[in-house]
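Colleague: Before I use this model, I would like to go through the terms one at a time and hear what each rests on.

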Amino acid sequence: MTVLGRTLKLRLYPNTIQAQQILAMSHEYQRLANLTSQWVFDNDFPLSPLKINHALYQLFRQTSPLNSQMIQSVFRTVVARYRTVLAQMKQHPYRYQDENGKWVQTPKDLTWLFKPIHFSRPQADLVRNSNYSFVNDSTEISLTTLEKRTKMSFTIKGFEQYFQNGWKLGTAKLIHSQGKWALHIGITKEVADFTVGLQAQVVGIDRGLRFLATTYDRLGKTLFFSGQKILLKRKKFLENRRRLQSKSTRSAKKRLQQLDQRENRWMTDVNHQLSKTLVAAYGPETVFVLEDLTNVTFNTDDLPKSLRNSHRSWSFFQLELFLTYKAQAIQSTVVKVSPAYTSQRCPKCGLIERANRHHEIHEYHCRQCQYRSNDDRLGAMNIALLGQKWLSGVRNPKIKKITTTG
């Protein structure tokens, strides 16, 4: 079985007194989280809630109005944050040139941190039933505060389906942003695993900038998802960001932060819509094959100079993440393959020649067999080929370079 994960987003409507109560609670939670983070930093990063509990629990119980369950949640919150940072550091090793001019990679760990992780915003992680629960036929929610529990109304627009159909509610994160309160609840559900069968189909997906996605399926059909409007909107965001950065005033910095948040929300929505469309187009029992784009950059020669950093800031990983969990929900799967030579291999004769791809006209033209195709489509075809090999039992399929064929 596969465990699906989602985040249920509730908008809370506390009155003035309730807002003060949960704000005081979240400030105290933030304070203890920063004290715990300092202790973890000073004691060689023991990422065990149990060890932290032995060292700090009695102190916090004596000096803090937070209840026992909330103090335990503080420890888990801090450990989770440090583990996230550690995972990010492992993905970006330190690179330097040795005395011979050779590039060397050194893995990073938490000892590379100059200071403890700081929790800059009021927050709280709430355990179901212990710290939050739904009451009055799920028309209100009851929350823990520093004094007694309090009940308030909420809305859950667009997420009603997750209150049923086998979804289990887990830990919730209390969030305060721009004067509004929200509760983000982690929910899970078990579904059947993807199984390789006669009905399974392979879909190769080539990701890029001019086309966010180009797909190729077993019937030889290709779908193009244009990125032109996306690039134009990115350009507008970039122009506005540069204009605000040049002012360097307090109001400009605030506007800049709001602009970044709006752009992130828009990017997330685009990736959600695209992944949803892909899953709906191909349905269950589909192997969606993607290139592993770790440390891969795109050719941007045909883009305006102002947009040539777009491949670094567009969240291709987020699209991969969204597609993965949406595919799992319908008993499909996502497979990542090596990107080596997927844009250079002729799908007809197998010749691999970099010069066969013409970026300026977005076309692949094989000099040996004269095969022609759109270059993004060709990439999707080769990715689909690797996916077919995976489906037949090859665990790490790769394209082997062939420079001539007989």
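Colleague: How far apart do the end C-alpha atoms of residues 316-383 lie, and what share of the span is helix and what share strand?

Modeller: The end C-alpha atoms of residues 316-383 lie 16 Å apart, and the span is 32% helix and 19% strand, where helices (H or I, at least four residues) and strands (E, at least two) are DSSP runs numbered from the N terminus. This is a predicted model, in which local features need pLDDT of at least 70 and side-chain atom pairs count only at pLDDT 80 or more, while totals for chains, interfaces and linings use all residues. Residues are numbered from 1 along each chain as its sequence is written, and side-chain values use heavy atoms, with hydrogens and water left out.

Colleague: What does UniProt list for residues 316-383?

Modeller: An unreviewed UniProt entry lists them as "domain: Cas12f1-like TNB"; such annotations may be inferred rather than shown by experiment.

Colleague: What makes strand 15 and strand 16 a pair?

Modeller: Two strands pair if DSSP finds at least two bridges between them, and two bridges join strand 15 to strand 16 (residues 363-365), which run antiparallel, with H358 opposite E363 in strand 16. The open sheet of three strands therefore has the order 15-16-17, with antiparallel pairing.

Colleague: Why are strand 15 and strand 17 called edges?

Modeller: Strand 15 (357-358) and strand 17 (372-374) each have a single partner strand, so one side of each is left without a neighbour in the sheet.

Colleague: Which strands does helix 8 lie across?

Modeller: Helix 8 (residues 375-391) lies across strand 15, strand 16 and strand 17, running at about 95° to strand 17; axes are lines fitted to C-alpha atoms, for helices over the stretch in contact (heavy atoms within 4.5 Å), and angles run from 0 to 180 degrees between N-to-C directions.

Colleague: What is the volume of the largest pocket, and what makes it a pocket?

Modeller: Its volume is about 1,400 Å³, taken as the space filled by probe spheres set on the grid points. On a 1 Å grid over the protein atoms alone, a pocket is an open set with protein on both sides within 12 Å along at least five of seven lines, whereas in a cavity a 1.4 Å probe fits but cannot get out.

Colleague: How many residues line the largest pocket, and which element supplies the largest share?

Modeller: The lining has 37 residues, each with an atom within 4 Å of a point, and K9, I175, A182, H184 and R265 lie nearest the centre. Helix 5 supplies the largest share, seven residues.
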